[in-house]
Amino acid sequence: MPFVEKEKYELPRQCRLHPSNDLFRDQEEHKIHLDVNEWRCGYCRKSFRAEKFLDQHFDNRHSNLLDVGHSKCLADVCGALHCDLVMEIKSKKTKCNPAAAARNRHLCEGLADKCFPANQSPSSTRLHELFLRQFCDAHTCSGGGKPFSRGGKKHINRFYLAASVLTLMLLPLFYLIVYLYQREIKRGTQELKRIAKVGRKAKPS
């Protein structure tokens, strides 16, 4: 969506990603997050200590407000959009299913055609190609493509981050120890020279 906003592109109504086609968009807009453990219903102002309880409340009390006639759940296109990767629920050891990858790629390409019709406009063409590269090309079992190659979610290796912080903390200490050690060696050399001069006997005339 940041790329869509940058291009100042307006999604067609037939696009599944258009806000008006989101079944739960109105409910999401009526979620009021007041504090870490305080959520409030925008319809009846009732408070809850977690978002999941607010979702249950919507299902039990306000399900009649859902536009089930025209809107659809965005979770239906999760296979095309790699939701499992974003939510980190897919096991890294799970074997790739070629049939599922092909099905998701087909669904992804269908989204690209409807949301960003090629050759409709320069912006639409650019976004069409970007969508194919960002999402569709990653639906393969060859391991070549990766989703979110541009502007996606970046994962930082915790071990690398901890090692970097530790190195930055210990580096000044290391240089301080080296400096003090060299200063002590220099001072000891000067003391030895002084002792040698004092202890030297005068030659007889």
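**Contacts, burial and pairing**

Author: Contact means heavy atoms within 4.5 Å. Beyond residues up to four places away in sequence, C44 touches H57 and H62. This is a predicted model, in which local features need pLDDT of at least 70 and side-chain atom pairs count only at pLDDT 80 or more, while totals for chains, interfaces and linings use all residues. Residues are numbered from 1 along each chain as its sequence is written, and side-chain values use heavy atoms, with hydrogens and water left out.

Reader: Where is C44 placed?

Author: Helices (H or I, at least four residues) and strands (E, at least two) are DSSP runs, numbered from the N terminus. C44 lies in the loop between strand 2 (38–41) and strand 3 (47–48).

Reader: Is C44 buried, exposed or partly exposed?

Author: Buried means under 20% relative accessible area, exposed over 50%, and partly exposed in between (1.4 Å probe, protein chains only). C44 is partly exposed because its relative accessibility is 37%. H18, in contrast, has a relative accessible area of 15% and is therefore buried.

Reader: Which residues does H18 contact, leaving aside neighbours within four places in sequence?

Author: With those neighbours set aside, H18 is in contact with L11, P12 and R13. The loop that holds H18 runs between helix 1 (2–6) and helix 2 (25–29).

Reader: In what sense do strand 1 and strand 2 pair?

Author: Two strands pair if DSSP finds at least two bridges between them. Strand 1 (residues 31–35) pairs with strand 2 in the antiparallel sense, over four bridges. Within this pairing, I32 has R40 of strand 2 as its bridge partner.
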